[in-house]
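Student: I have a chain open and would like to go through it. Can I ask as we go?
Tutor: Go ahead.
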Amino acid sequence: MSKDEGLSLGYRIGWNIRRAAMTVFGPAQLGDEDPMERLDNERRQKVAEARAATPAAAKNAKTKK
């Protein structure tokens with residue numbers, strides 16, 4: 001899979017800005033309530049959705065031809 005992991009440029013830029021802001025200005029690690037962990041989980045979920053959608057999109061494109 002490419003480095004962008006199927007995510008849009010806008011999402012990747014926004015995610016990196018949010019991650020940098022949380023690193024500098026965010027609270028300390030809070031165990032289960034850690035905002036950095038929530039941010040990482042959000043990205044993992046988006047990547048999984050993008051990867052799941054990619055084969056479906058390719059299959060739909062083949063059937064339209």
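Student: What share of the residues in the chain is buried?
Tutor: Buried residues make up 17% of the 65 residues in the chain. Keep in mind that this is a predicted model.

Student: How many helices and strands are there in the chain?
Tutor: The chain has two helices and zero strands. Helix 1 covers residues 9–25, and helix 2 covers 35–64.

Student: Which residues make up the largest nonpolar core?
Tutor: Six residues form it: Leu7, Tyr11, Trp15, Leu39, Val47 and Ala50. Helix 1 and helix 2 each supply at least two residues of this core. Helix 2 gives the most, with three residues.

Student: Why would such side chains sit together?
Tutor: In soluble globular proteins, nonpolar side chains tend to be buried together.

Student: What is Ala50 in contact with, leaving aside neighbours within four places in sequence?
Tutor: Ala50 is in contact with Glu5, Gly6 and Leu7. Leu7 is also a member of the core.

Student: Now charges. How many salt bridges does a search of the whole structure find?
Tutor: The search finds three. In one of them, the side chains of Glu42 and Arg18 meet at 2.9 Å, N to O. Glu42 lies in helix 2 and Arg18 in helix 1, so this pair ties together parts that are 24 residues apart in sequence.

Student: Are those two buried, exposed or in between?
Tutor: Glu42 counts as partly exposed, at 25% relative accessibility. Arg18 is partly exposed too, with a relative accessible area of 38%.

Student: And Asp40, which side chain does that meet in a salt bridge?
Tutor: The side chain of Asp40 meets that of Arg19, at 3.0 Å, N to O. Arg19 is in helix 1 and Asp40 in helix 2, so the pair ties together parts 21 residues apart in sequence. Leaving aside neighbours within four places in sequence, Asp40 is in contact with Trp15 as well as Arg19.

Student: What about Glu37, which residue does it form a salt bridge with?
Tutor: Glu37 pairs with Arg44, and their closest N and O atoms are 3.7 Å apart. Glu37 counts as partly exposed at 35% relative accessibility, and Arg44 does at 48%.

Student: Different topic, the surface. Which residues make a nonpolar patch there?
Tutor: Leu9, Ile13 and Ile17 make a nonpolar surface patch of about 310 Å². Ile13 is in helix 1 and is partly exposed, with a relative accessible area of 46%.

Student: What does the accessible surface of the chain come to?
Tutor: The total is about 5,200 Å², and 57% of that belongs to carbon and sulfur atoms.

Key. Residues are numbered from 1 along each chain as its sequence is written. This is a predicted model: local features need pLDDT of at least 70, side-chain atom pairs count only at pLDDT 80 or more; totals for chains, interfaces and linings use all residues. Side-chain values use heavy atoms; hydrogens and water are left out. Patches are made of residues with over 30% relative accessible area and no salt bridge: like charges are joined within 9 Å, nonpolar side chains (Val, Leu, Ile, Met, Phe, Trp, Tyr) within 5 Å. Accessible areas come from the Shrake-Rupley method with a 1.4 Å probe; for residues, only the protein chains shown count as cover. A salt bridge is a side-chain nitrogen of Lys or Arg within 4 Å of a carboxyl oxygen of Asp or Glu. Helices (H or I, at least four residues) and strands (E, at least two) are DSSP runs, numbered from the N terminus. Buried means under 20% relative accessible area, exposed over 50%, partly exposed in between (1.4 Å probe, protein chains only). A nonpolar core is a set of buried Ala, Val, Leu, Ile, Met, Phe, Trp, Tyr and Cys residues joined through side-chain atoms within 4.5 Å. Contact means heavy atoms within 4.5 Å.
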